Amino acid sequence: MPIYEYRCKECAAEFEQLRSMREADQNATCPSCGSDQGERKMSSFASGGGNGGGGCAPSGGGGRGFR
Ligand SMILES: [Zn+2]
């Protein structure tokens with residue numbers, strides 16, 4: 001399961017959550033204020049700064065073709 005980044009609209013906290021792709025677009029529950037206003041951030045693309053790269057390649061255990 002991929003990790004998605006979310007940002008809370010209530011308290012602006014940013015957090016990551018492991019979700020299936022199907023759930024990725026749904027709001028996530030914010031761990032710091034408990035609201036369900038966590039909106040998914042677009043990672044990788046549309047990130048406007050040179051944020052140090054890395055994390056593009058799937059670091060799984062080899063080429064297992066599931067899905
Ligand atoms: Zn919050």
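Leaving aside neighbours within four places in sequence, R40 is in contact with Y4, Y6, A24 and D25. Two residues are in contact if their C-beta atoms, placed from the backbone, lie within 7 Å. This is a predicted model: local features need pLDDT of at least 70, side-chain atom pairs count only at pLDDT 80 or more, and totals for chains, interfaces and linings use all residues. Residues are numbered from 1 along each chain as its sequence is written.

Start with R40 itself. R40 lies in strand β3. Strands here are DSSP runs of E with at least two residues, helices are runs of H or I with at least four, and both are numbered from the N terminus. R40 counts as partly exposed because it has 17 C-beta neighbours inside 10 Å. The scale is simple: a residue is buried if 20 or more other C-beta atoms lie within 10 Å of its own, exposed if 12 or fewer, and partly exposed in between, with C-beta atoms placed from the backbone. R40 and A24 are 16 residues apart along the chain, and their C-alpha atoms are separated by 7.3 Å. R40 is also the bridge partner, in β3, of Y6.

Now step back to the whole chain. It has zero helices and three strands. From the N terminus on, the elements run β-β-β. Of the 67 residues, 9% count as buried. Among contacts between residues at least 6 apart in sequence, 31% join residues at least 24 apart.

How are the three strands arranged? They form an open sheet in the order β2-β1-β3, with antiparallel pairing. β2 and β3 are the edge strands, each pairing on one side only. Neighbouring strands of this sheet are turned by 40° against each other on average, direction ignored. For such angles, axes are lines fitted to C-alpha atoms, for helices over the stretch in contact, and angles run from 0 to 180 degrees between N-to-C directions. Strands of a sheet pair through backbone hydrogen bonds, either parallel or antiparallel. Two strands count as paired if DSSP finds at least two bridges between them.

Take β1 next. Five bridges join β1 to β2, and the two run antiparallel. In β2, E16 is the bridge partner of E5. β1 also pairs with β3, again antiparallel, over three bridges. There, R7 stands opposite E39 in β3.

Which side chains of β1 point to which face? Along β1 (residues 3-8), Y4, Y6 and C8 point to one face and are buried.

The turn between β1 and β2 deserves a look. This hairpin has five residues between the strands. A12 sits in that loop. A12 has a positive phi of about 65° although it is not a glycine. Is A12 buried or exposed? A12 is exposed because 10 other C-beta atoms lie within 10 Å.

The loop between β2 and β3 comes next. D25 lies in this loop. With 10 C-beta neighbours inside 10 Å, D25 counts as exposed. The C-alpha atoms of D25 and E39 are separated by 8.0 Å, with the two residues 14 apart along the chain. D25 is also one of the contacts of R40.

Further along the loop between β2 (14-18) and β3 (38-40) is D36. D36 is exposed, with 12 other C-beta atoms within 10 Å. Which residues does D36 touch, leaving aside its neighbours within four places in sequence? D36 is in contact with N27 and T29. D36 and E10 are 26 residues apart in sequence and 8.8 Å apart in space, C-alpha to C-alpha.
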